[in-house]
Amino acid sequence: MRANRARRPSPRRRSAFAALTIAVLGVLLPGTAYVVARRTKLGSTLIVLSLALYGGAAYVGLRKRDAVISWALNPAFLNWMIVGLAAIALVWIVVLVTSYKMLRPLTVGPGSRLLGALVIGVICFAMTVSTATGAQTLMAQRNLVTKVFGGDESKSQTRPTITPKKDIWQQLPRLNILLLGADDGEGRGGTRTDTVMVASIDTKTGNTSLISLTRNFMRMPFPEDSPLHKIYPTGFWDPNGPQEQSEFYLDAMYRNIPRLHPGILGPSDNEGADILKVSVGEALGLRIHYYVQINLAGFAQLVEALGGITVNINYPVPVGGNDDKKIPPSRYLAPGPNRKLNGTDALWFARGRYKVPTADLARQARQRCTIKAIVERATPQNVLTNYDAIAKAGEQLIRTDIPRNQLGAFATLGARVKTAKITNVDLDKKKNFPTGRNPNYAGMREIVAQALNPVRRTTTVPRKTTTAPPSTAAQPKATPKPAADDLTSACAYNPGMPR
């Protein structure tokens, strides 16, 4: 037995190449190289700790995904993750270097010594770069969460009250989010919300209905219990003014009402958005829970960060142009199936309207297709690959009143939405708003209620119609009908101008 032990080579008698190989492979399971170097206790301890770390990570990743999402959306926990990542990387590097030192032959030529030092140095450098990249991604995530999503200090008079200890989606079986596309470009005199859309989400299935409102709607209503109803009992318009009142359009409310009546809804981080939530909710018979506002001028950055989007273009879409000033577009997006659009072209696909028939409705349809394309493009692999750029774009482009402490639940819901059905609710222009001067909001409410399934109308808020204008003209009678259109069909390639 003693003779056999004597014949076993000591770690120092191995070749330089063997020592280097064992040390490098030991990175996969820290501690194995220590055991080979006869540091059995220390090596066994590291192996046990490494296996526990691997097993814990696998368990959390496979069985606690919701918890992982919540941690990734918690700024304080993200700080600890950055510290933990740096500590693990430091330990790994120390183990690698000391393993090689313990295994390296005492007598070795300068060439072998230089090669070993070079290999160990390259691996340490690679681990340092990987750690720095991971820390940078975590810091980008922390900055995004902190800057975009409000904490306890956030001010909003229109958010729902959520009981912390209960499942949020049991409290909100249908979630209604107001999507705003804000344009504060040159010559606008302030921010106008050219895009106003509601995403109504069944939180159990993720099925989503998109409801678009036309930017030139006048007489937008307010609930009877709102202070704005006392000022505009028949909706937002001037009864003594001309027929067409552009400063009383839906797209002007975000800018004009806070100017005319500052603080009317109480403390708010975004008074224009709160006002629109109240008014749009009244117009559609829904309780609007949250808003998400995107700056259209910077929308291109987000699409670029995602690597572009793919859409079907059924007719030439103008890039630029101004109907009022008779300025033609600089070019057109050519029709065709599965067109890959960069950020700028995606923006104009969503916005272009120069001499397009039924311009506002056509634009709304393309905007819904744009949202669908972005949802499809935002795969986990694509988001992770481009995360730094996406996070930086998000910091500049997005405003919302979704609370930071609910982000984990929203991320889980987002995964459901991605694989669920997205439909469009047609508000029926011919019957309910032949023009935007006097829309039939009561008719729209009936259509929305039927489209979202009257059996589960727990989130709709029945109210008396408050928009009847002092006019002898009768409102058109609406014929409620199932009005949900599958966006897969609506966004398919069907060449031809809109009608």
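What is the volume of the largest cavity, and which residues line the largest cavity?

A: The structure is a predicted model, in which local features need pLDDT of at least 70 and side-chain atom pairs count only at pLDDT 80 or more, while totals for chains, interfaces and linings use all residues. Residues are numbered from 1 along each chain as its sequence is written, and side-chain values use heavy atoms, with hydrogens and water left out.

The largest cavity has a volume of about 70 Å³. A cavity here is a set of points on a 1 Å grid, over the protein atoms alone, where a 1.4 Å probe fits but cannot get out, and lining residues have an atom within 4 Å of a point. Grid points are joined across faces, edges and corners, and the volume is the space filled by probe spheres set on them. By this rule, one cavity of 30 Å³ or more is counted.

The lining consists of Asp194, Thr195, Val196, Met197, Ser212, Leu213, Thr214, Arg215, Asp360, Arg363, Gln364 and Gln367. By class, these lining residues comprise three nonpolar, five polar and four charged (Ala, Val, Leu, Ile, Met, Phe, Trp, Tyr, Cys and Pro count as nonpolar, Asp, Glu, Lys and Arg as charged, and the others, including Gly, as polar). At least two lining residues come from each of strand S2 (192-202), strand S3 (208-213) and helix H14 (359-377). Such elements are DSSP runs numbered from the N terminus, helices being H or I with at least four residues and strands E with at least two.

The loop between helix H13 (343-351) and H14 contains Thr358. Thr358 has a positive phi of about 45°, although it is not a glycine. Most residues other than glycine have a negative phi. Thr358 is partly exposed because its relative accessibility is 35% (buried is under 20% relative accessible area, exposed over 50% and partly exposed in between, with a 1.4 Å probe and protein chains only). Asn338, in strand S8 (residues 336-341), also has a positive phi, near 50°. Its relative accessibility is 60%, so Asn338 counts as exposed.

Ala420 belongs to the loop between helix H17 (407-419) and strand S10 (422-425), and is partly exposed at a relative accessible area of 22%.

Pro233 sits in the loop between helix H9 (227-231) and helix H10 (250-260); its relative accessible area of 42% makes it partly exposed. Between Pro233 and Phe222, eleven residues apart in sequence, the C-alpha to C-alpha distance is 7.6 Å. Pro318, by contrast, is placed in strand S6 (residues 317-319) and is buried, with 0% relative accessibility. A C-alpha separation of 6.4 Å relates Pro318 to Leu333, 15 residues away along the chain.

In helix H11 (residues 271-284), 14 of 14 residues are buried. Gly285, with a positive phi near 75°, follows H11.

Conventions:
On a 1 Å grid over the protein atoms alone, a cavity is a set of points where a 1.4 Å probe fits but cannot get out, and a pocket is an open set with protein on both sides within 12 Å along at least five of seven lines; lining residues have an atom within 4 Å of a point.
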